Amino acid sequence: MPSHTDWVASLSPWPEEFGLGRMRELLAELGEPQRAYPAVHVVGTNGKSTATRRAAAFLGREALSVGAYTSPHVSGWGERIQVDGADADFEAAVGRVRRAAGRVGATQFETLTAAALAEFAAAGVDVAVVEAGLGGRLDATNVLAAHVVVLTNVSLDHTEVLGETREQIAREKLAVVVPGAAVVLGEPEWEPLANEREAGKVVVAEDVGRAAAEQHLGRSLAGDVEVSLPGRLDFAGDDVFAGAHNPAGVAWLLTRLPRAEYVVCAAILADKDAGAMLELLGRAGTRFVATETETERTIPGDELAVLAREFFSDVESVPDAPNALDRARELAGPGEAVLVTGSLYLVRDLFGRLEPVR
């Protein structure tokens, strides 16, 4: 029998139809672990994992036992489920739910979410900080009845599922709010929607992770915490490895690059606005190596190269990601470095190569 990790990796990440039926059935079989602790629920387009880890770190600093659930992973499956700042025993966490997940036909994300919620119950955490996957209303994490909800920001992403306007997407994400919950917003424009959900309190904050922890504790917090998330902005010598999976993510990244000229090595998923992403990435350099991720949703390298030629003067297609990184490093001349970006899955696929070469 394959290991629990290999088994969960083999599951389909996408349901045939979005809904909460399987998730509720699975949690019922597991004894409703999500009811064993209060929860902070983090939704939004970008920055969810950082907000989740920051909220968890602030709460842990206050002598609470804290669970944190994030996705996707970059360094390994285990980074998705943490208890008190350390990766949980991932094999054991998945093993705890495997039989029940198989009986209900749970998807990969449903299984992982159930594994996290059950792990937190088994660990006896005081509070769990849980990042949503896609959207909110029909996301597998929308089983929490969280007393604190964070909406980091809203951009046009997954429009085929969540809606074609930012307001429609915000409604989908804020659908996780239960009456009386405190809502922390990274963007003030969504306050009317939060109030429509009968929020008990609405707070607008730049540092939503800190604000979420403060709402749970009922008091202000001084000082700061340090969190580390693989693949969000990592450096290997002068090279940069940073997932930026939509135009808003690319715009955020561009303001944080330490130099002006890069050879860009990128893969983009088919459900993203590749044109807008490539136009922005064109500001980071003139040379582009198009590649692919190990997922079904990736744009083939040759197709991505065709799109990139509108924005880059020198474009190559190298579908194999490790070879693409090698080629980008060969192309980088004096004053240049390599920027590996686009899908976080690409950064995951190349994470073992995150070391200086030149």
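Strands are DSSP runs of E of at least two residues and helices are runs of H or I of at least four, both numbered from the N terminus; two strands pair if DSSP finds at least two bridges between them. The model is predicted: local features need pLDDT of at least 70, side-chain atom pairs count only at pLDDT 80 or more, and totals for chains, interfaces and linings use all residues. Numbering starts from 1 along each chain as its sequence is written, and side-chain values use heavy atoms, without hydrogens and water.

An open sheet of mixed pairing contains six strands in the order β9-β10-β14-β11-β12-β13. Its edges are β9 (234–236) and β13 (314–317); each has a single partner strand, so one side of each lacks a neighbour in the sheet. From one strand to the next the twist averages 20° (angles run from 0 to 180 degrees between N-to-C directions, with axes fitted to C-alpha atoms, for helices over the stretch in contact).

A further open sheet, also mixed, has eight strands ordered β4-β3-β2-β5-β1-β6-β7-β8.

| Strands | Sense | Bridges | Opposite residues |
|---|---|---|---|
| β9 and β10 (residues 239–241) | antiparallel | three | D234 and F241 |
| β1 (residues 39–43) and β5 (residues 127–131) | parallel | four | H41 and V130 |

Helix α3 (residues 48–61) packs on the eight-stranded sheet, touching β1, β2 (66–69), β3 (81–83) and β5 (contact means heavy atoms within 4.5 Å). The direction of α3 makes about 170° with that of β5.

The axes of α2 (residues 21–29) and α5 (residues 108–123) come within 10 Å and cross at roughly 35°. R22, M23, L26 and L27 of α2 meet E110, T113, A114 and L117 of α5.
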